[in-house]
Amino acid sequence: MSTAATANNRVVSGMRPTGRLHLGHYHGVLKNWVKLQESYECFFFVADWHALTTHYEEPQVMAENVWDMVIDWLAAGVSPGAARLFIQSRVPEHAELFTLLGMITPLGWLERVPTYKDQQEKLRERDLATYGFLGYPLLQSADILIYRAGLVPVGEDQVAHVELTREVARRFNHLYGREPGFEEKAEAAITKMGKKNAKLYRDLRRRYQEQGDAQALEVARAMLESQQNISLGDRERLFGYLEGSGKIILPEPQALLTEAAKMPGLDGQKMSKSYGNTISLREEPEEVEKKLRTMPTDPARVRRTDPGDPEKCPVWQFHLVYSDEKTREWVQEGCRSAGIGCIECKQPIIEAVQAELRQIRERAREYEEDPSAVRSIINEGCERAREIARETMEEVREAMGLEYK
Ligand code: TRP
Ligand code: SF4
């Protein structure tokens, strides 16, 4: 299978502002963002339009949550110096690309995305038989393609959306990447890279086309990424010429599957607002202590002298997230022999969670006290995002016959 993804190391991900963030978001998503921002050019945004597809009857939800969510990101260590943080609706180019992609996306592709039916089933109290909700994954495709991102960190449930994005990009390139005189233009572009690089490109292209050498393809793409002296159009041609087809205007991204969140809720189910089993990132210490002290344990341990089984206890799952090997052994042994009590067993967890949240809470407080700093981080992020989005849209408009001169 040929992929048109470039060796692009740009990362895009969004989060809907539908409520306070909790430890599940921290361990499942934010820690991963913090790691990615060190090695990639990251674009993280507030997906407020996506939130409206399900919460259109409660627009206040967005206003209430947008800034708090950004503060939670910052408090968790997402850095405005390393990543671009912005709000989707402040980069209206996303909507323009969404509209244009809508022209070429078969209805069946959207109707077949599993989340479409699943979410309608799950959120029965909302009327999701809307055009906007059907378009949800296509809007997401626009979010990704507008930055020509190579990687999209998502959870399992979102992989189908990235897959749709790839199909839409492929269709777009197929429809609009064909131009008269493509081969001649590509050949001319090769020579513009200078003798040495031109030879390298030709060698790599031959190795890929004649022997299917996928590594040669990788290397060629990486080399094109680093070329300073060719135009965007030529770069698209050269990416496309590697595989023979035509220009690659919108590269296909890859999903970067975030490990299933190991973070359990207080009751052992997945931590989620709708289960009421969360600890929020800015929860007060007294409340944290209370929630952990009263969380359920193995029901077999009615009395202190009854032995238990950590496998049947949500506290054990917390130990898997927070404790070292030695502590875990102490739990296993002490629980099964009734050597320790449950409150004793919870103590290291309480300390670990408090320490983690203390740091987050302190950083959050700085931003709470300085809302204008948060506003300017977002303004700057929006500006930088728009620069790239504008460039892509120029290419897209031209490809779709909308550049009237
Ligand atoms: N749909 C994603 C979610 O619910 C949020 C999102 C919107 C997103 N646009 C995106 C994620 C683009 C990754 C890339 O989690
Ligand atoms: Fe759970 Fe620990 Fe009590 Fe065992 S001792 S039941 S693992 S809280």
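How do H12 and H13 run relative to each other, roughly parallel or roughly antiparallel? Let's look at this predicted model in close-up, where local features need pLDDT of at least 70, side-chain atom pairs count only at pLDDT 80 or more, and totals for chains, interfaces and linings use all residues. Residues are numbered from 1 along each chain as its sequence is written, chains are lettered from A and ligands numbered from 1 in the order written, and side-chain values use heavy atoms, with hydrogens and water left out.

**View 1. Helices H12 and H13.** The axes of H12 (residues 214–225) and H13 (residues 232–243) come within 10 Å and cross at roughly 175°. Axes are lines fitted to C-alpha atoms over the stretch in contact, with angles from 0 to 180 degrees between N-to-C directions. H12 and H13 are therefore roughly antiparallel, a label for angles over 145 degrees. Among the H12 residues making the contact are Leu217 and Ala220, and H13 brings Leu238 and Phe239, among others. Contact means heavy atoms within 4.5 Å.

**View 2. Helices H11 and H13.** Here the axes of H11 (residues 195–211) and H13 come within 8 Å, crossing at roughly 35°. Tyr201, Arg205, Tyr208 and Gln209 in H11 meet Leu238, Tyr241, Leu242 and Glu243 in H13.

Note on methods: Helices (H or I, at least four residues) and strands (E, at least two) are DSSP runs, numbered from the N terminus. Angles under 35 degrees count as roughly parallel, over 145 as roughly antiparallel, 65 to 115 as roughly perpendicular and the rest as oblique.
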